[in-house]
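My entries follow in the order I looked things up.

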Amino acid sequence: MVQNTAVESLIDSFERGLINGRARWVADLSEFIRRFRIRETTFDLYAKGRTRNRGMLISRFFAWSVLPDYNVALLCVNGGRGGAFSMDRMRSLTADALSFVERDGLQWVWLVILLTGPLPSAVVAFVERYERKELGVAVASVTTGQTSTSSNKIGTSIPGHLGLGKLIERASHGEAV
Amino acid sequence: MEKLSKLQLPILVSYSSPFVLLSALGINTWLVSSGLSASPLRLILLSASFPLGLAIGRTIYLRRSHVEILFDNDAFYVFKGKRDKSHGQWKNYKMVSIILDQFGRADLRLYKSPGGEHTDLPLSKTNARLQEFRDYVQKRLLLAKAEVSSPQAVEAS
């Protein structure tokens, strides 16, 4: 229960950072929805946006002339809810996220799964081998600080560009996030 | 009903500054015509233009641009100046989101259906704590939904 609260408070901080523009180097996320349901899964956080920044005058012109304009999204889920996190749950989350990519015509989606306790080795292996370019996956433990990302470009951008790495590190050291 | 509002200083300043300038010009003209232009009181009298201009600016700001959100467990009202900009009942909405405008200001968006008709609450123009208020609204929407699906269960709880 306490650990679930830790995950929820980390999701709040993660969302706050994104609202303050932490993802801006990769995507301009402009709308944030909590408890968003896709098929069988309720995601704790869904953020949607575009790869082209809005900005004003010069930055808007620069974005318009240089950056591609793709619809993208971020999905974040507390994986510890409803018992131990299994490979079946991992597969179902990626399947739901991929179905969402297709349904909403998105270019790609970040999928962030937050857990407590050590990450299951099968899950880590699955994430690290994950290669589909439409889905960047990260799984992280708020108690041990362990983070694992898919090796595609979208996945590797999660700890750095979204600020998840620092948040997880602080949470795992018991600092307020 | 609880109230959310905030004095929007940049707007107040933009309304007040022409009146501060006009008051200073008026006072200066009066000082010259009264032969007090060389008096040591001149600066003190001229400084009266600030409260005078701010008072006029504040009146215009309150009439035209001050945003207030009144809400309780059933409904909300958004006022801009003296106008009732929008109002509604939480039970008429299905989904809530935080939306950023092109300047990065965060407001709340209430959807009547996912991706459909919506109403915006300008939280960035009030002193509301964004995520806390969103969670409160989300709770209201969930309760309203539960009430619709099972009125007896909600009454019992």
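**Entry 1: strand S5 of chain A**

I began with the pairing of S5(A) and strand S6 (residues 147–149) of chain A, which is antiparallel over three bridges. The model is predicted, so I read everything below as computed. In this pairing I found Ala138(A) opposite Thr149(A) in S6(A). Five residues lie between the strands of the S5(A)–S6(A) hairpin, and there Gly145(A) takes a positive phi near 80°.

I then looked at the pairing with strand S4 (residues 108–115) of chain A, where S4(A) and S5(A) run in the parallel sense over seven bridges. Val109(A) is the residue opposite Leu135(A) in S5(A). With helix H4 (residues 121–129) of chain A, S4(A) and S5(A) form a right-handed β-α-β unit.

Is S5(A) enclosed or open? I checked its residues 135–141: seven of the seven are buried, so the strand is largely enclosed by the rest of the structure. Leu135(A), Val137(A), Val139(A) and Ser141(A) point one way, while Gly136(A), Ala138(A) and Ala140(A) point the other, and all are buried.

**Entry 2: Thr94 of chain A**

I moved to Thr94(A), which sits in helix H3 (residues 87–103) of chain A. Its relative accessible area is 6%, so Thr94(A) is under the 20% cut-off and counts as buried. I listed what Thr94(A) touches, leaving out residues up to four places away in sequence: Leu111(A), Phe126(A), Tyr130(A), Leu135(A) and Val137(A). Two of these names, Leu135(A) and Val137(A), I had already noted in S5(A).

**Entry 3: chain A against chain B**

Next I looked up the interface. Chain A and chain B bury about 1,300 Å² between them, with 45% of it on carbon and sulfur atoms. On the chain A side, Ile19(A), Glu31(A) and Arg54(A) lose the most area to chain B, together 34% of what that side buries. The contact takes 15 residues from chain A and 17 residues from chain B.

I counted ten residue pairs in polar contact between the two chains, both residues at pLDDT 80 or more. Helix H1 (2–19) and strand S1 (28–38) of chain A are the elements that give two or more residues to the side of chain A that touches chain B. S1(A) gives the most, with seven residues.

How many salt bridges cross this interface? The rule finds one. In it Arg134(B) pairs with Glu15(A), the closest N and O atoms being 2.8 Å apart.

**Entry 4: salt bridges within the chains**

Side chains of opposite charge can pair when their charged atoms come close. Over all chains the count comes to 15 salt bridges. One of them joins Arg39(A) and Asp96(A), with the closest N and O atoms 2.9 Å apart. This pair links distant parts of the chain, 57 residues apart: Arg39(A) is in the loop between S1 and strand S2 (41–50) of chain A, and Asp96(A) is in helix H3 of chain A. Arg39(A) is partly exposed at 48% relative accessibility, whereas Asp96(A) is buried at 4%.

I also noted Glu134(A) and Arg132(A), whose side chains meet in a salt bridge (3.4 Å, N to O). Arg132(A) is partly exposed, with a relative accessible area of 40%.

In chain B, Glu68(B) forms a salt bridge with Lys3(B), with the closest N and O atoms 3.5 Å apart. Glu68(B) lies in strand S2 (residues 67–71) of chain B and Lys3(B) in strand S1 (residues 2–5) of chain B, 65 residues apart. Last, I noted one network in which salt bridges that share partners join Asp12(A), Glu15(A), Arg34(A), Arg134(B) and Asp135(B).

Note on methods: Residues numbered from 1 in each chain as written. Chains lettered and ligands numbered in written order. Predicted model: local features only at pLDDT ≥ 70, side-chain atom pairs only at ≥ 80, totals over all residues. Heavy atoms only, no water. Buried < 20%, exposed > 50% of the residue type's maximum accessible area, 1.4 Å probe, protein only. Helix = DSSP H or I, 4+ residues; strand = E, 2+ residues; numbered from the N terminus. Pairing = 2+ DSSP bridges. Right-handed = clockwise from strand over helix to strand, strands pointing away. Contact = heavy atoms within 4.5 Å. Buried area = accessible area lost by both parts, 1.4 Å probe. Salt bridge = Lys/Arg side-chain N within 4 Å of Asp/Glu carboxyl O. Polar contact = N/O pair within 3.5 Å; in protein donor to acceptor, adjacent residues only side chain to side chain.
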